Amino acid sequence: MILVNTDYISGKELEMLGMVKGSTIQSKNVGKDITQSFKTLVGGELKAYTEMMNEARALATKRMVEEAERLGADAIVNIRYASAAVMQGAAEVMAYGTAVKFKA
C-alpha cells in the first residue's frame, strides 16, 4: 500500500474509490499523567505524551489502511491527520485520505 499526502502519484493514473479513515482515542495512566504535569513546571518535551501521540497516529494509520484494503485500494492519497483533546490526558487522533486503485 502506497501512502502519500499529495493528491497524485507520479506516473500513475488513479481511479478514486472513496474516503477512508481510521481513528483512536489514547490516554496515559494516572501515574504518567502526574509525572508529566510536574514536567510542565520546568519545561521541556513531555516524552510520555509524545510516545502516546506517536502510538495513536500509527494505530489510526493502520485502521485507515485496513479500510482501504477492504475496498481493494492500491494506495491512499491526500492523507491528513487531525487530533483533538477528548479529556485531560486523552486525545483522539484521526487519519483520513482517499483510497485509489491504479488504472491499467
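Colleague: What joins the side chains of Gln-26 and Thr-24?

Modeller: A polar contact of 3.2 Å joins them in this predicted model. The cut-off for a pair of N or O atoms is 3.5 Å, so a distance of 3.2 Å qualifies.

Colleague: Why is Gln-26 called buried?

Modeller: Gln-26 has a relative accessible area of 17%. Buried means under 20%, so the residue falls in that class.

Colleague: Where does Gln-26 sit, and which residues is it in contact with, leaving aside its neighbours within four places in sequence?

Modeller: Gln-26 is placed in strand E2. Its contacts beyond those neighbours are Met-52, Glu-55, Ala-56, Leu-59, Gly-89, Ala-90 and Ala-91.

Colleague: Strand E2 also holds Ile-25. Is Ile-25 buried or exposed?

Modeller: Exposed: the relative accessibility of Ile-25 is 54%, and the class begins over 50%.

Colleague: Which residues form a nonpolar patch with Ile-25 on the surface?

Modeller: Val-86 and Met-87 do, and the three together have about 310 Å² of accessible area.

Colleague: How many salt bridges does the structure hold?

Modeller: Four. One of them is formed by Lys-103 and Glu-13.

Colleague: What makes the pair of Lys-103 and Glu-13 a salt bridge?

Modeller: The closest N and O atoms of the two residues are 3.7 Å apart. The limit is 4 Å between a side-chain nitrogen of Lys or Arg and a carboxyl oxygen of Asp or Glu, so this pair counts.

Colleague: Why can this pair be said to tie together parts that are 90 residues apart in sequence?

Modeller: Because Lys-103 lies in the segment after strand E4 (90-102), while Glu-13 lies in the loop between strand E1 (2-3) and strand E2 (14-27).

Colleague: How are Lys-103 and Glu-13 classed by accessibility?

Modeller: Lys-103, with a relative accessible area of 44%, is partly exposed. Glu-13 reaches 52% and counts as exposed, since that class needs over 50%.

Colleague: How do you know that Lys-21 forms a salt bridge with Glu-67?

Modeller: Their closest N and O atoms are 3.6 Å apart, and the limit is 4 Å, so the pair qualifies. This pair links distant parts of the chain, with Lys-21 in strand E2 and Glu-67 in helix H2 (residues 47-70), 46 residues apart.

Colleague: Which class does each of these two residues belong to?

Modeller: Lys-21 is partly exposed at 39%. Glu-67 has 19% and is buried, because the cut-off is under 20%.

Colleague: What makes Lys-101 and Asp-74 a salt bridge?

Modeller: The distance between their closest N and O atoms is 3.9 Å, which is within the 4 Å limit, so the pair counts. Lys-101 belongs to strand E4 and Asp-74 to the loop between H2 and strand E3 (75-87), 27 residues apart.

Colleague: Why is Lys-101 called partly exposed?

Modeller: Its relative accessibility is 33%. The class lies between 20% and 50%, so Lys-101 belongs there. Asp-74 is also partly exposed, with 27%.

Colleague: How many helices and strands are in the protein chain, and what pattern do they follow?

Modeller: The chain has two helices and four strands, and along the sequence the pattern reads β-β-α-α-β-β.

Colleague: How much of the protein chain counts as buried?

Modeller: Of its 104 residues, 31% do.

Definitions and conventions
Residues numbered from 1 in each chain as written. Predicted model: local features only at pLDDT ≥ 70, side-chain atom pairs only at ≥ 80, totals over all residues. Heavy atoms only, no water. Buried < 20%, exposed > 50% of the residue type's maximum accessible area, 1.4 Å probe, protein only. Patch = residues over 30% accessible without salt bridge, like charges linked within 9 Å, V, L, I, M, F, W, Y side chains within 5 Å. Areas by Shrake-Rupley, 256 points an atom, 1.4 Å probe, with all protein chains shown as cover. Polar contact = N/O pair within 3.5 Å; in protein donor to acceptor, adjacent residues only side chain to side chain. Contact = heavy atoms within 4.5 Å.
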